[in-house]
Amino acid sequence: MKTLKKILVAGIAAAMMLTTLAGCGSAASSKTITFGTNAEFPPFEYVASKGTIGDFDGIDIAIAQKIGQDIGKEAKINNMEFDSLLIALQNGQVDAVIAGMTVTDERKESVDFSTPYYTATQVMIVKEDSEIKTAADMADKKIVVIQGYTGETVVNEMGYKYESFKKGTEAVLELVNGKCDVVVIDSATASKYVSDNPGLKIVEDSNAFEEEQYAIAVKKGNTELLNQINDSIQKMLDDGTISDLSAKYLDVDTDAE
């Protein structure tokens, strides 16, 4: 009887071990890669009725889909507030972040960045009859920025007062409705908003706004995924895919989605 009990106990323990190993194996061989984004940044990411990945579309979303294809995994999107993205990456809620995110020294301290895939700069969106010609002209104006974006950092460093919104659409609506004088935002997104809203124009100031680079963030030390993403990005840069996607999505009417 004791011998039989020992055999049963040993059998149950072995079965539990096999189940545990099977569970670990399935996790290690995940067939999906989850990207965190903030779908409020057309033409890079926005909500669409028929998106490239689920309900999401844009340059970044198409890039994410291509990366998934290149590494043999299904790309999925986790949409959240911009300020929550790197926290979600650290906590393992997402595998990578693609959100028109600018590479900065501060962010490099907590994450690893991929090869940059897009170069942009900050610009000012104003009404067509605005007297704002340079960044210095914003000094006594009502300025609006998007919370957590580079525009907020730049305006803050200039020492100007400003109001921040969580969505670019809300910021631009303030300008359209005459509730502010200028919106500071990334160049490609500014082009999209101006094309969708008659009566607005873009003002550039290369002396005040430096070029910045967008890249994909991964958890620090995740070299395997970083290398896979870099290989895919380099391929898309070399064959013109990213250039084609930029041209395509700048022509898409995101307001109609």
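A contact here means that heavy atoms lie within 4.5 Å. On that basis, among contacts in the protein chain between residues at least 6 apart in sequence, 71% join residues at least 24 apart. The model is a predicted one, so to speak of a local feature takes pLDDT of at least 70, side-chain atom pairs count only at pLDDT 80 or more, and totals for chains, interfaces and linings use all residues. Residues are numbered from 1 along each chain as its sequence is written, and side-chain values use heavy atoms, with hydrogens and water left out.

The chain has 257 residues, and 46% of them count as buried (under 20% relative accessible area, with exposed over 50% and partly exposed in between; 1.4 Å probe, protein chains only). Its accessible surface comes to about 13,200 Å², and carbon and sulfur atoms own 50% of that (Shrake-Rupley method with a 1.4 Å probe; for residues, only the protein chains shown count as cover). Nine helices and 14 strands make up the secondary structure; these are DSSP runs numbered from the N terminus, helices being H or I with at least four residues and strands E with at least two.

Two bridges tie strand 2 to strand 3 (residues 45-47), and Glu40 sits opposite Tyr46 of strand 3.

Gly100 turns up in the loop between strand 6 (96-97) and helix 4 (105-108). It is buried, with a relative accessible area of 7%. Leaving aside residues up to four places away in sequence, Gly100 touches Phe41, Glu45, Asp60, Tyr117 and Tyr214. Thr189 is 89 residues from Gly100 in sequence, yet their C-alpha atoms are 9.7 Å apart.

Strand 11 (residues 182-186) has five of its five residues buried, so the rest of the structure largely encloses it. Strand 8 (residues 118-127) runs antiparallel to strand 11 and is joined to it by four bridges, with Val123 opposite Ile185. Strand 9 (residues 143-146) runs parallel to strand 11, through two bridges; here Val144 has Val183 as its bridge partner.

In helix 6 (residues 168-176), the buried residues are Gly168, Ala171, Val172, Glu174 and Leu175. They span an arc of only 150° around the axis, which puts them on the same side of helix 6; the arc is taken from the directions from the helix axis to the C-beta atoms. Just past helix 6, Gly178 adopts a positive phi of about 75°.

Methods
Two strands pair if DSSP finds at least two bridges between them.
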